[in-house]
Amino acid sequence: MINSLWLIPALPLAGATINAIFSRKLPRWLVSVIACGAVGASFVVSLLAFFAMQSTDEHHRVFNVSLFTWIPVADFKVDVAFLLDPLSALMLLVVTGVGFLIHVYSIGYMDAERDDGYGHFFTYLNLFIFSMLMLVLGSNYLLMYVGWELVGLCSYLLISFWFHKPEAASAGKKAFITTRVGDFGFGLGVLLIFTTFGTLDFADIFAHAKLIDQSLITIITLLLFAGAVGKSAQIPLYVWLPDAMEGPTPVSALIHAATMVTAGVYMVARSHALFELSPFSSEVVAWTGALTAIYTATIALVQMDLKRVLAYSTISQLGYMFVAVGIGAYGAGIFHLMTHAFFKALLFLGAGSVMHAMNGIIDMRQLGGLRAKMPRTYITFLAAALAIAGFPFFAGFFSKDEILASAFATGHTAIWVIGLITAGLTAFYIFRAFFLTFHTEPRWTTDDRRPLTEDDSHRSSVNGHRSVHPHESPAVMTIPLAILAVLSVIGGFAGMPKVMGANFLEHYFEPVFKPHDLHLAASTEWMLIGASVAAGLLGIALAYWFYIARPTIPVTLARRFSGIYNLLWHKYWIDEIYSWLFVDKGYRLAMFLWQVLDVKIIDGAANGLGRATAALSRVTRSWQSGYARAYALMMLIATVIVLGWLILR
Amino acid sequence: MPVDYLPILVMIAIVTAFAVIALTLSAMTGPRRPNPTKLSPYESGMPPFGSARRRFSIKYYLTAVLFILFDIEIIFFYPWAVLFRDLGWFGLSAMGTFMLVLLIGYVYVWRKGGFEWD
Amino acid sequence: MSLSVPDLNFRVIAPALIVALTALIVLLAELVTPAPRKRWLGVLGLIGLLIAAGATVGLWGAPASAFGGMVVADNFGLFLTLVILLGAALSILLALDFVRAHRVDQGEYYVLVLFAVVGMILMATATDLIVIFLALELLSLPLYILAAFKRADARSLEAGLKYFLLGAFSSAFFLYGIAFIFGGTGTTNLMKIADALAKNPRNDLLLVGAGLLLVGFAFKVALVPFHWWTPDVYDGAPTAVTAFMSVGVKAAAFGAFFRAFLVALPAFAFDWRIVLAALAVLTMTLGNVAALLQSNVKRMLAYSSIAHAGYILIALVAMGASGLSSALFYLLAYTLTNLGAFGAVIALSDGERERLEIRDWGGAARQYPFIAAMFAIFMLSLAGFPPLAGFTGKFLIFSAAVETGWAWLAVIGVLNSLVSAYFYLRPIVQMYMSEPVPGWDRIRVAPLVALALVLALIGVIALGLYPTPAIVMATGGFLR
């Protein structure tokens, strides 16, 4: 079974290829069956591989399957090889499992899309799954980099899927450029690994890591982490993720919540042998995560766009995961990655279901009272909200608690406090969103006279009242919701704290990570659990009080603390600062170089020639000879400089 | 050695001096009585018309270039002819190839009407 | 008086001879071919190129020198010969329908391409500066004419004239450089120059000569700041010609560039490596920045080809066996990818009306899904996305640079290729994500162009997924 590992990425790739070529000629149902079938089959193979791995001896659960030599370079080579161990196996199950559910959901959600858009969407989605699986399965940094780049490309294509919307186009651009900054760091890190170790293979590198100078390891890990900061949207490169919500909602759920954005966490966990050797880098990782977690949680408090609340929430939860991998609790980080994939995908899909029902409205000021209209969406959304809020025995409760307990146990008390406050904020903002969407008075009107065109749906979120007919989504959308809801409820029992029973997950990860014993007294552990439960319940209660019991309070507060409110509402003005600092200046620099060097001096005439009228072309032609001379002059000057340097140096 | 180039320097000096002296002398000694006929350019006894700064037919260039091409080819025959016996069959076949290539070009130009004015 | 006949080993120059012979045959056949059958002349040329490729393969693995050390058939030269023949063959496939659509369906087109190929092959295999210069002129003169081949089009004429004027200008530098080197060493043979240098390493005459030589090569491969002609000429020349010269000239000129500097002037390596590193940085950066701002696909590809010259230059700075083989591999990958990209522009053109503006590509994926998908893959390969040929090439070059201690240059290269991804993605986004532009929906894609694209595509993917055989072939090296 392990030898058929290549099937796992190959199946979605095949699906993408078939749909890329034939989707226009195939009926819709077949397009979706191919796309979902490919991912479903990939999930089944992953499951089989998982069981095959589990059936082997505990100490040999690391399999390296080499397919062929990819690039031979002077004295080393890079193989196309897959690595199956408990870490990658769990990631495989999450990616293919959640991916499959989101594929199925998309059948219903994208139904309004015109024909070739529908085919394209599933092509990209399959291509994304393939890329993500390559990232997860690769057994060396180069292959990981391949997946890393490809998921970025797919993310870009899918964010700007509704390209004619200017916001979508610019969001795609922003995501691409921002993550490229991080990718540059990641690329440099890989390059430095290559110069240091002479190989890119995980096993070789981790085996020799102890022999390398610690400061070098620190630089390598910081560079790698720069890539994670971009890809997983941490401070200061998080700005692209909220804008990425312009993409279709299943994309937000799959790429920008459950899988791609967690690639950074996976990468740090995969490189744990390096990070463990550099306490400094690990501290940087943990603190970046902690600060990001609380910072974006505060922004989420006041956002009015439901999907943006979820986006900031995702950044915040990713912060938790980085806290975990930063303090050395790798298993806890991956555990939270898994439960987060369940409940955050569910939240997004629920939001998508609302959008589906409300003709694309996602501004919570125009929602409200949807509980009766959409009972299934309501109950599943509630399950996910309870899970993320850390309500006892829901999935998020266990994983978040393990992270906080680890932070406390390893002496990161400050981070523990930040995490605890964030947990309270999380519970508050998610229930604020929940109440504003499903409870309270409806803030939309029903008007039967105005017929809706297909184009209206999903496309625009216009301000002001719109006539809508909320309705429950079809079964193809609600069944994935239900499955994810079940997982959000029970998914946490895989990693119960020791005081409540056995932590299966920690044992499961033993072939990869060193067992992570917290050394906490049972009473301390109960106290920690109590604190996080209290924070969560307090947040929920506050949200209830603010938005159901006394709806005037938020308005009063916003007025009284208008400074803070504005700061949060404008997301600390970070977008504006970045835009001024980098985009304007960078663009001006590029324009300057281009205009001065090429256009002004040289190119002005040639560019205009094509469009010029007959009269003008006579003028430009007379310029042209002059400009050819200018070319020669420039070359002559350059020659003099080169010769002068060679001789006088 | 730079000294070897001394004769060239002397030569340059003599030439420059000659040109300067000749022009100066003729300018100083010659009488100047200009009239319109004297000032007009000499064109083989024809009355001059129009400006020379105008476009010429490309055909002049074509003819000139073809002339130069097949004219210069002859230059290569001289060294070969001088050493004809020493080079023997090798030289003959090499020159044959050379001429064959030129012949192909000649045939091409001929068939394309490169030698016809209209 | 007896004369010693030099070692006339015609076998060594068999590929060039075969192409030259084909060119002469096509020239004569042109005279008797009626107008509607002109494309058969192109087919004739293709056959000649194939035979030449066969002869090249036959020479593989047995390095030999001929004509008193004027030319060699070593694996470095033969690899480039194959790249040049491949590029020429694909560009003839692209041209067969193109010349008809642009109403310049003349046999001379193929003759000129073939003569240029002869020059290119000689340039890649020459080991004497005089032969390199002759080959340079032999490849340049036909290209000047080809750039101006569309006589009815003022832009094409302008491109040809500009290329000619500046080309002549740079040739003068090149020749002047040869004169200095001859003055300094008394020879034009690359190996003998190296020997003379070994005896007398500090030689200012030679340093000037090397600098002028560098300028000549820099012009031909379009390094900043000797690149000014490139956007104008690439833009103005007929697209099929642009496709051919963007790959063929680069392969040939880089071949001679590498050979001249690595065989003849390694003693000066300390001096020219710094100059070339600076030029590489300038070339990559300015090429990519300028490409970012283009709205015209041909100009964008012109600036892109400038940037790619910068990447290849890194391999020259790296020197050594890995630098050499990575440059060869890169040239092969670049040839296939760039021809594919220009081929897609040709494929989706409507007669004489070409899809030049990036906005013209709107919705092309919906109308021509196959061509659009191939164009997208070529763009991604140029951007260096894995697992395509361009990625492997960049990986090899950058790792060669890192290996020889030029890591900072590799870092700038990586940064540049990250920036470049942005403009390569623009046409893809346009094709896949915007509404079709009216008036571009009735194009009949010529089957031969599609064939060329598919061949290039196979190469691009194969070199990305399984590059080992090509890398092994590229490690042949020079015959010294």
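## Core

A nonpolar core is understood here as a set of buried Ala, Val, Leu, Ile, Met, Phe, Trp, Tyr and Cys residues joined through C-beta atoms within 7 Å, and a residue is called buried if 20 or more other C-beta atoms lie within 10 Å of its own, exposed if 12 or fewer, and partly exposed in between, with C-beta atoms placed from the backbone. The largest such core has 444 residues, and those with the most contacts inside it are Ala345(A) and Met123(C). Helix H3 (residues 75-101) of chain C supplies the largest share of this core, 19 residues; helices (H or I, at least four residues) and strands (E, at least two) are DSSP runs, numbered from the N terminus.

Two residues are taken to be in contact if their C-beta atoms, placed from the backbone, lie within 7 Å. Leaving out residues up to four places away in sequence, Ala345(A) touches Val98(A), Ile102(A), Ala253(A), Ala257(A), Ala258(A) and Leu484(A).

## Basis and confidence

This is a predicted model, in which local features need pLDDT of at least 70 and side-chain atom pairs count only at pLDDT 80 or more, while totals for chains, interfaces and linings use all residues. Residues are numbered from 1 along each chain as its sequence is written, and chains are lettered from A and ligands numbered from 1 in the order in which they are written.

The model scores ipTM 0.90 and pTM 0.80. For chain C the mean pLDDT (the predictor's confidence in each residue, from 0 to 100) is 90, and 98% of its residues reach 70 or more.

## Chain A

Chain A contains 25 helices and two strands, and buried residues make up 56% of its 649 residues. Among its contacts between residues at least 6 apart in sequence, 79% join residues at least 24 apart. Strand E1 (residues 63-73) runs antiparallel to E2(A) and is joined to it by nine bridges, where two strands pair if DSSP finds at least two bridges between them. Ile71(A) has Val78(A) as its bridge partner in E2(A), and seven of the nine residues of E2(A) (residues 76-84) are buried.

Helix H3 (residues 86-109) of chain A reaches 34 Å between its first and last C-alpha atoms, close to the 34 Å expected at 1.5 Å a residue, the expected span being 1.5 Å times one less than the number of residues. Because 23 of the 24 residues of H3(A) are buried, this helix is largely enclosed by the rest of the structure.

## Chain C and the interfaces

Ala135(C) lies in helix H5 (residues 129-147) of chain C and counts as buried because it has 25 C-beta neighbours inside 10 Å. Beyond its neighbours within four places in sequence, Ala135(C) is in contact with Gly119(C), Leu122(C), Met123(C) and Ala126(C).

Of the two pairs of chains in contact, chains A and C share the most contacts, with 56 residues of chain C in contact with 47 residues of chain A. The largest share of this side of chain C, 10 residues, comes from H17(C). Chain A and chain B do not touch, and their nearest C-alpha atoms are 16 Å apart.
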